[in-house]
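Here is a short tour for anyone about to set up calculations on this protein. Please have the viewer open and follow along.

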Amino acid sequence: MTSRTLTADAAGRWELAGLTVNRMGFGAMRLTGSAAFHLGTPSDRDRSLAVLREAVARGVDHIDTAAFYFSRLRSANELINRALAPYRDDLLIATKVGPYRDQRGEWGTAARPDELRGHVEENLRQLGRDHLDLVYLRRMRQDSIAEHFGALAALRDAGLIRHLGVSQIEPRHLAEAQAIAPVVAVQNRYGLDPAGSDQAASDADAIPRLCGEQGIAFVPYYAVAGRHGERAVTGPDHDEVLAVARAHGATPAQVRIAWVLSRGPHVLAIPGTGNPDHLAENVAAGALRLTDDDLKRLDALRAGPAPVNPQG
């Protein structure tokens, strides 16, 4: 499963934002350094540029980014611009707005609806584009997203955005957005880890299931990091994940990506890395086909707590 010859098309394809893209995409968050944001050691610029170019060479045609992905020295959008501009017509770049970080890297108050144009224009400037292919509204705990999504719909009508998505939502928020403008993708946190006490697995599955019924792309984040979130995954994995990985000669990260892709043909993966070896492994995960027994074992893990192998 670590073959360096596999390309992103092994995962299959899906229509997203007016293009048919490979379901194996690339998340830009970890390009900027050893930590997801301003903490940690900034990345080596040349290596980050090389990873982006290698991703596209391997067939990745869907890159997920944001203006708030930056470390002390590196900006993900600027790296993408430098590595890939002028952009190919078949390359989809998705970004998201709503969260805000100041120049020191500190998180600020989430954007008001009237501030979203500034967020969109900052992404345009950094990426060197005159329009954004796909923009997600990341919900920041607000009960209603209508006013914020309406502001993005107005920017779509003005030509600054081609397609709209929503992120970190519940089913009611999807319906609320769809009453305003078409939604082509949903991006929620979703992965293989056991459901926490605050959210049952069935509740987390509601959005990907709803997207499948409506033909909307579901693009989960933290599919590999799982409970670790923006922190690096340093500890051992669950016994079930390790056992499935051994059976396939794969890594636990590849099993986690394959499990996400198994949730339906409308589910896309955007694993991110600044490491060229990890990039090759992530792309190769698109060719991993889990058996029915594998899926039963992994689904059972997700339904509740599971022991962790202390030996890794």
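Predicted model: local features only at pLDDT ≥ 70, side-chain atom pairs only at ≥ 80, totals over all residues.

Strand E6, residues 132-138, runs parallel to strand E7, residues 161-167, and six bridges join the two.

Now step back to the whole sheet. In which order do the seven strands lie? The order is E3-E4-E5-E6-E7-E8-E9, in an open sheet with parallel pairing. At the edges stand E3 (26-27) and E9 (217-218); each has a single partner strand, so one side of each is left without a neighbour in the sheet. In general, strands of a sheet pair through backbone hydrogen bonds, and the pairing is either parallel or antiparallel.

Next come two helices that meet. Two packed helices are described by the angle between their axes and the distance between the axes. For helix H2 (residues 76-84) and H3, the axes come within 8 Å and cross at roughly 40°. On the H2 side the contact is made by Asn-77, Glu-78, Ile-80 and Asn-81, while H3 brings Asn-123, Gln-126 and Leu-127. What is the make-up of this contact between H2 and H3? Its residues divide into two nonpolar, four polar and one charged.

Ala-85 and Pro-86 are joined by a cis peptide bond, with omega at about -5°. Pro-86 belongs to the loop between H2 and E5.

Two further loop residues have a positive phi. Ala-17, which is not a glycine, has a phi of about 55°, and Arg-141, also a residue other than glycine, has a phi near 70°. Ala-17 sits in the loop between strand E1 (13-16) and strand E2 (19-22). Arg-141 is found in the loop between E6 and helix H4 (146-157).

Are these residues buried or exposed? Ala-17 counts as buried because its relative accessibility of 11% is under the 20% limit. Arg-141 is exposed because its relative accessible area of 71% is over 50%.

The table puts the two residues side by side.

| Residue | Phi | Relative accessible area |
|---|---|---|
| Ala-17 | about 55° | 11% |
| Arg-141 | near 70° | 71% |

Conventions: Residues numbered from 1 in each chain as written. Heavy atoms only, no water. Pairing = 2+ DSSP bridges. Helix = DSSP H or I, 4+ residues; strand = E, 2+ residues; numbered from the N terminus. Axes fitted to C-alpha atoms, helices over the stretch in contact; angles between N-to-C directions. Contact = heavy atoms within 4.5 Å. Nonpolar A, V, L, I, M, F, W, Y, C, P; charged D, E, K, R; others polar. Buried < 20%, exposed > 50% of the residue type's maximum accessible area, 1.4 Å probe, protein only.
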